[in-house]
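Here is a short report for a first look at this model. Please keep the sequence and the structure in view while reading.

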Amino acid sequence: MNLLPRFKTGFIFALLAVAQPLSARPPEGGGASLPPLPPAPRVEAAPPPEGPPEPAAPPGFVYWKTVKARVTAYDPGGCCCERIPDGMTSTGDNAWLLDGAAVAPLAIPYRTRLWIPGAGWREADDTGSAMRQAWRKGIHHVDLRMATHWQARQWGVQKLEVRLYRPADRAAP
């Protein structure tokens, strides 16, 4: 014997028997009435933020330009590097220092500082075949260096506006 349907039906009937109808009329017999509520104050919405705060140029660098770029990530270990990883970037820096990024050096010269939303400051100090091939098609591709392959996969592929800062002593290209 299934008691669940009977329980539900009995419970609903019990609720209906106890419930009293609501009325919009004031209670009869001169009951106390509440004073009317004042109108609610009008609240203006704050203007939306215009994006992340503009970063200050690093010492010795000046703003150059902003580019739309495909931003991906890699780790300097064996998972992402094409050949056997040697722990060096194409400029000779230590690849395990995670403050750099790979770029197409014809598009973004080495030692250029990049401000990448969500990643912060990076230095263009490495390259890769994907970056060079993208630049041949007119696409800026920046590959961030991450500590682990998992972090690189979590970053994924993002289309971001990257701000570029060149050394102050370098002539404008």
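## Aromatic pairs

The structure, a predicted model, holds 3 aromatic pairs. One of them joins W121 and Y165 in an edge-to-face arrangement.

Y165 is buried, with a relative accessible area of 2%. W121 is partly exposed, at 31%.

W121 and Y165 also belong to one aromatic cluster, together with Y63 and W115. Another ring, that of W64, has a charged neighbour: K65 lies over its face, at 4.6 Å from the ring centre.

## The barrel

Which order do the strands of the barrel follow? The 6 strands close up in the order β1-β5-β2-β4-β3-β6, with mixed pairing. Neighbouring strands of this sheet are turned by 45° against each other on average, direction ignored.

Strand β1 (residues 61–74) runs antiparallel to β6. The two are joined by 10 bridges. V62 has R166 in β6 as its bridge partner.

Helix α2 (residues 129–136) packs on the sheet. The helix touches β2 (100–102) and β5 (140–145). Its direction makes about 165° with that of β5.

## Two residues to look up

A69 is in strand β1. Is A69 buried or exposed? A69 is buried, since its relative accessible area of 5% falls under 20%. A69 touches H140, V142, Q158, K159, L160 and V162, leaving aside residues up to four places away in sequence. A69 and V162 are 93 residues apart in sequence, yet 6.6 Å apart in space, C-alpha to C-alpha.

R111 sits in the loop between β2 and β3 (113–116). Phi of R111 is near 75°, a positive value in a residue other than glycine. R111 counts as partly exposed, at 31% relative accessibility.

The table lists relative accessible areas.

| Residue | Relative accessible area | Class |
|---|---|---|
| Y165 | 2% | buried |
| A69 | 5% | buried |
| W121 | 31% | partly exposed |
| R111 | 31% | partly exposed |

Conventions: Residues are numbered from 1 along each chain as its sequence is written. This is a predicted model: local features need pLDDT of at least 70, side-chain atom pairs count only at pLDDT 80 or more; totals for chains, interfaces and linings use all residues. Side-chain values use heavy atoms; hydrogens and water are left out. Rings of Phe, Tyr and Trp (its six-membered ring) pair if their centres lie within 6.5 Å; planes under 30 degrees apart count as stacked, over 60 as edge-to-face and the rest as tilted. Buried means under 20% relative accessible area, exposed over 50%, partly exposed in between (1.4 Å probe, protein chains only). A charge sits over a ring if NZ of Lys or CZ of Arg is within 6 Å of the ring centre and within 35 degrees of the ring normal. Two strands pair if DSSP finds at least two bridges between them. Helices (H or I, at least four residues) and strands (E, at least two) are DSSP runs, numbered from the N terminus. Axes are lines fitted to C-alpha atoms, for helices over the stretch in contact, and angles run from 0 to 180 degrees between N-to-C directions. Contact means heavy atoms within 4.5 Å.
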